[in-house]
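Reader: Hi! Could you walk me through the inside of this protein?
Author: Happy to, here it is.

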Amino acid sequence: MTDATTNTDTGNRSGIEIRNLYKIFGARPKDYVEKVQAGMGKEELNDKHKHVLGLQDINLTLPPGKISVIMGLSGSGKSTLIRHINGLIMPTAGEILYNGRDVVKMNEEELREFRRHETAMVFQKFALLPHRTVLENTCYGLDIQGVDRSQSEPIAKKWIERVGLAGYEDNYPNQLSGGMQQRVGLARALANDADILLMDEAFSALDPLIRMDMQKVLLDLQAELKKTIVFITHDLDEALRLGDKIAILRDGALNQVGTGQEIVLRPANEYIAEFVREVNRGRVIRAETIALPLPEGELPKMKVKASSVLEKIARRMADAEVRTATVVDAANKPIGMVDMTTILTAMVTPASVEEGDDEVEEDSAA
């Protein structure tokens, strides 16, 4: 088995391509796909034909080695969408491509192997087996694969330690807090060494402080492992903190796809603008976004990374009692400068919908 700590090369790995995906729930869903494609809405489909439109024309690229967040309110279709990726739900129409294979066309045996070896899932309710210890729960996916315990237990112990539960291997779930149980769920998923990690509202049941702690654990692990993670949430702050790419669903349709900065700075419509209105922009906008041209002559002595968010930069500059700073790239090369006035203006200026941009932004492969 491949050591998951070394499986970090994304160069030859595939992202997930979702193409023209529709899901209609009801007795005869295929009878109504063309009607929905022709413009029939959710209410008419339900009122006249007693069918429910779950997903509508989803086209989305989820890049390899990145965290893609799918977010929306209850009933938006986000959990339905993630369950299509590993074939727990099959679409009424459309394709889900991974490494050149269409999950929709897999037979039962192919799906079973795909779920066992290519994907792992972390659930909101932890889904731990109460009669198994922490170690046995972490081994569970490897047990399903037929891996001998002499091989699986060292792997499980490694991931138990990595998620901060060393010493709890022999405890049972009812002896653990909610946050600790979710760490076991994460360790179990990572022990499988699957490329795709599906996380359906994984932290939503946790208290706010524990939730932030788990977000940090995930980000720290992802910085090393570079899994292809699909994370479902209804919390915009969580989406902005975790997502390399964010897709916002409403009533089964994509409203906007982009980075956190793109969504906060350029909401596609009034619905998205309402979502982002109360966002702390200082925790989202980065120095490179507002950098001014380099001045002639001597540069400001303080340096800030292009990827640093404005809130941290403003705090550093205030502590150092300076008004300007040089923005540098990853190679420490100056690319611009920021001043306190520009930073504070960017942090408080509300987002506005771009004129003529009422539809979802066209998604592009990363």
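Author: What follows is a chat about confidence, cavities and nonpolar cores.

Reader: Great! What am I looking at?
Author: This is a predicted model, where local features need pLDDT of at least 70 and side-chain atom pairs count only at pLDDT 80 or more, while totals for chains, interfaces and linings use all residues. Residues are numbered from 1 along each chain as its sequence is written, and side-chain values use heavy atoms, with hydrogens and water left out.

Reader: What is the mean pLDDT of the protein?
Author: The mean is 90, and 93% of the residues reach 70 or more. pLDDT is the predictor's confidence in each residue, from 0 to 100.

Reader: Where does pLDDT stay under 50?
Author: Residues 1-7 are one such stretch, and the pLDDT is also below 50 over residues 357-362. Where pLDDT is low, the predicted coordinates should not be read in detail.

Reader: New topic: how many cavities of 30 Å³ or more are there?
Author: Two. On a 1 Å grid over the protein atoms alone, a cavity is a set of points where a 1.4 Å probe fits but cannot get out, and lining residues have an atom within 4 Å of a point. Grid points are joined across faces, edges and corners, and the volume is the space filled by probe spheres set on them.

Reader: What volume does the largest cavity have, and what lines it?
Author: Its volume is about 40 Å³. The lining includes Leu186, Leu190, Gln222 and Lys227. Helix 9 (208-225) and helix 8 (178-191) each give two or more residues to that lining, and helix 9 has the largest share, with four. Helices here are DSSP runs of H or I with at least four residues, and strands are runs of E with at least two, numbered from the N terminus.

Reader: And the second largest cavity?
Author: About 30 Å³ of space lies there. Among its lining residues are Ala120, Leu190 and Lys227. Helix 8 and strand 7 (196-200) each contribute two or more residues.

Reader: Which residues have the most contacts inside the largest nonpolar core?
Author: Leu186, Leu197, Met199 and Phe231, in a core of 53 residues. Such a core joins buried (under 20% relative accessible area, 1.4 Å probe, protein chains only) Ala, Val, Leu, Ile, Met, Phe, Trp, Tyr and Cys residues through side-chain atoms within 4.5 Å. Helix 8 gives the most to this core, seven residues.

Reader: What does Phe231 touch?
Author: Not counting residues up to four places away in sequence, its contacts (heavy atoms within 4.5 Å) include Ile67, Met199 and Leu242.

Key
On a 1 Å grid over the protein atoms alone, a cavity is a set of points where a 1.4 Å probe fits but cannot get out, and a pocket is an open set with protein on both sides within 12 Å along at least five of seven lines; lining residues have an atom within 4 Å of a point. Buried means under 20% relative accessible area, exposed over 50%, partly exposed in between (1.4 Å probe, protein chains only).
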